[in-house]
Amino acid sequence: MNNEIKAPRGVLVKSMGFSLALALLFTLVANLLPQVEGEAPVDQKVDLGALTMESYVALGETLFSGKGTCSLCHNDLGRAPDILALNMVEVANQHLQDERYKGSATDAESYLHESLVDPGMYVVKDYGKKGSNDTISPMPAVDKSPIELSEIEINAIIAFMQAKDGHDVTVSLPTEEPVAEAASPEVAESADTIEAVVAKYSCQACHVILGSGGDLGPALEQVAGRFTREEIRQGIIAPDAVIAEGFPPGVMPQDLAEQMTVKELGILVDYLAGGGEFSAVPPTAKPSDDNADSRVEAVISNFGCQACHVISGSGGKLGPGLDDIGARLNAEQIRQSIIDPNAVIAKGFSSGVMPPNYSEQMSEEQLDALVVFLLERK
Amino acid sequence: MKETRNFSSPILLSLLMIAVLGFLWSGDMAPTHWLPEAVASEVAAEEVATAEGADAAQELKLRPAPRPSREDYPDVGTSSRSIVWIIAQMHLFFGALVLAVPLFVLVIELLGKSTGDARYDDMAHEFMKISITAYSITALFGGTLALALFLLYPDLMAYLMQAFGAQMLVYAMLFFMESILLYIYYYGWDALRYGNAKWVHISLGLLLNGVGATLMVMANSWATFMMAPSGVNEVGAVIGNIWEVMKGPLWNPINLHRFIANIAFGGAVVGAYAAYKCLAARTAEDRAHYDWMGYTSNFIAILAFLPLPFAGYWLMAEIYAYSQQMGITAMGGILAWLFIVQAVLIGTILMAGNYYLWSGMSRTEGSKRYQGMIKYIAVVLVICFLIWVTPHTLILTSGEIAALGGSHHHLLGPLGIMPAKNIAVNLMLIFTFLSFQIYRRSDKVATVSWEKAGNALMVAIYVVAIANIIFAGVYYGYFTNTVYKVGASVTQVVSTLVVIISGVVIDAFMYRKAKTLPSFWGQVSNRSQYALFALPIAFTWLMALMGYVRSSVRTHWHVYTVMKDNSPDNFIPTIGYAGNMMTIVTVMFVLFVLFIFWIASLSNTKQAPPLPVTKKAGEAA
């Protein structure tokens, strides 16, 4: 039986031609669609000297749809609250009154800031992470990866959200780079005498201190009898919290806490609390105390650890609480965290906040005492 | 004549890879220049401590991910991304092929063993012939890819080596083992063909697939680590063990998706081989054989393809759960338009698959009972396809927008959003299964007493499922808020799965002792074979497209959130550029596959022996 059949001619050419034509058809479809390039975000250098509130708001608007990627979800497609359509200042005030609110903001500006860096403090109904019953926000913290907005950029977005609905912009125009961003060598060049501190921050322009000075602010030679150390510290880092009678608020710089090193603040507080009789001995060379506990307390106080960490039940929350640190880290890890705090960052906290130069400021003895003290916190 | 092949290249490459990785792993891959100063000093201090024998030598060594600047990326005069893009894609195409083919070859071999039909065994052996040539090419592209990555992205590779460490050595060793098993499995086919020896051969196949699957999931962990890193802290320092690094939130969804997609892709490629051989056949036997082979390949491809959207759904759900921002970048951001191209590709696959089944029904007289349904199935498929490709936002000029009264058409606009597309996709899958079901039934006549009841049940399942899909899509998609919109798609997917599973089960029982009508393999139109070419082209393009989407959701990050991409290519290119790249890799793949087909045919070609020379009288010395 002859089974031979006539094969069609040019099978190879036809099959190749068909395949190529189909591939080109798909290419054509791809080329007919909108052609947009997705640029990687570029860190814009803001000329702080030339910045006006109008341009700051405009920067916020650019960041909203650009680097901040806010418009990816906050649009009219229902993925997240449509910020452009909402009056965000009014919304912020409503949320602050809501019993579901878990944060610590007190006004619209601080609420908006908090909602950007810690979105889980208030999760808008129906917009929570799937299965979380609106207790977990799907929004990433904008100051962390992958968005990584700086404090200046976050405030620009807040300014935009306030301005777009005609509200007064309450955020301040940035005047210089925040400490965390600057990481400048000047930070390490800390003044180490009371004279140097007073000269560096021009205290005598407004206050009488070290025997001379202006009268725009109250004289500081006799504050020791009227205020505690803590109140003096507060008076420096938050000068408008309590205003001395007869003096106007808003005159003294609000950002001394950001400008001063911990060491400088300690020198100034020591001097003022000591009734103008400063020992002139910097913290690194303080005479040792036989009592270990009081020595550690002095170290914690001098270096302002409780400004950011909870120690012995009190302190700030900018950094992780240290009352159980001995259960989590060994001695070497604790020491490393003090002298090189950005090498390993505790989950949920930002890098670059804790000063990286304690190894220059603390004596070996102080560091050892602090490590031993913290190791016992379990 | 025995086939002879030079199979030294993959083995040599494996050994070379082990040597290179071993060298890199044993030394300090990370030059101190890519470490931040503080960290570098920490490393230096640690070295001093080690030298002094201090306890600090035992402390945890934490190094953050490198932060290369643009100058740290070698400039080779052209786009490094494009070079890696092409090589990686070629490696992935061939890798998918060589991992998938042994999977269904093993199943076909088992089928041959259980039925005693030698045709299955011969076909499985022929499939492996394609796979074994592809394996050499996979290894060559794999080696080239590793070289390109180490040369063009040294910091990234250093970091990945830091994160995965010895796992990469294990990978290289498994690759070596895969090579050995593959060659024994293929070349030992005839030597281990009958009796207990066959079970030895099948066991070898099982081992081969086990090693292959392990290789795949290990390589997947590198890709998923770059998308959703695990086992590292927020600056990228490795704090977990290798298992924690591998087992990221997207690892298993990618494993499942690639496993299924590889089978569909492999089936489609060997289907093209069969179609080519069928068209070029010079005898009726050959045509019948390759027609049957093409049908089997298409069956494998479509069967694997049907559950693929569900695996894709799981993957996207996990991406959203990991990072809503990443999910929206893919589905609703700059990459969203690519899903219109995806719709065109999947539409092409389903149309081609259906067309092939309808054409194949001409092989048997029994198909006349069902041919009337084809036009209705075709109408549904076309309508659903058109809904699927309808974009939400139309590309309009300002004049057209003014005439329309907005960028969304009042009738077509609602068809552009996901609820409409979910309805369309699920209906396309259901009607493709219907085509498959009537094809399978066309050469059979059921003999069971409950045939009518069984058919009524099947029809009822179809009707209820279709009604449920449409109702869930319309009601939850347009008349409730967003949160229910997403949940509704689960109901739709379940409805589709119920149809497929119940259809397979009912037919398995109903046609158990059915009367079989004669089928004439080879009695099929030449045009139908071109559907088998359309499938691998669309599959290849689709793999390139979805791989690109998966990779691009990282945006300007090498490793999402922990290592930024500061290279000159750290932007998402236009869809047109990406489409051109996809066509380049698809055409390159087709050319290489053609080479494989030619090699596979060459091994069967025998030169006629020269005729004996007859000496003329008087020529003898």
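## Stop one: a helix in chain A

Select α5(A) and colour its buried residues: I152(A), E153(A), I154(A), N155(A), A156(A), I157(A), I158(A), A159(A), F160(A), M161(A), Q162(A) and A163(A). Buried here stands for 20 or more other C-beta atoms within 10 Å of a residue's own, exposed for 12 or fewer, and partly exposed for anything in between, with C-beta atoms placed from the backbone. Before going on, note that this is a predicted model, where local features need pLDDT of at least 70, side-chain atom pairs count only at pLDDT 80 or more, and totals for chains, interfaces and linings use all residues. Residues are numbered from 1 along each chain as its sequence is written, while chains are lettered from A and ligands numbered from 1 in the order in which they are written.

The helix covers residues 151–163 and spans 18 Å from first C-alpha to last, close to the 18 Å expected at 1.5 Å a residue; that expectation is 1.5 Å times one less than the number of residues. Helices are DSSP runs of H or I with at least four residues, numbered from the N terminus. Twelve of the 13 residues of α5(A) are buried, so the rest of the structure largely encloses it.

Axes are lines fitted to C-alpha atoms over the stretch in contact, and angles run from 0 to 180 degrees between N-to-C directions. On the α2(A) side, pick Y56(A), V57(A), L59(A), G60(A), E61(A), L63(A) and F64(A), which meet E153(A), A156(A), I157(A), A159(A), F160(A) and A163(A) in α5(A). Contact is C-beta atoms within 7 Å, placed from the backbone.

## Stop two: a helix pair in chain B

Jump to α3 (residues 80–115) and α20 (residues 575–602) of chain B, which pack at about 45° with axes 10 Å apart. Where do they touch? S82(B), W85(B), I86(B), Q89(B), M90(B) and F93(B) in α3(B) meet M581(B), I584(B), V585(B), M588(B) and F589(B) in α20(B).

## Stop three: a tryptophan

Finally, select W292(B) in helix α10 (residues 284–305) of chain B. W292(B) is partly exposed, with 18 other C-beta atoms within 10 Å. Draw a distance to A274(B), 18 residues apart along the chain: the C-alpha atoms are separated by 8.4 Å.

Note on methods:
Helix = DSSP H or I, 4+ residues; strand = E, 2+ residues; numbered from the N terminus. Contact = placed C-beta atoms within 7 Å.
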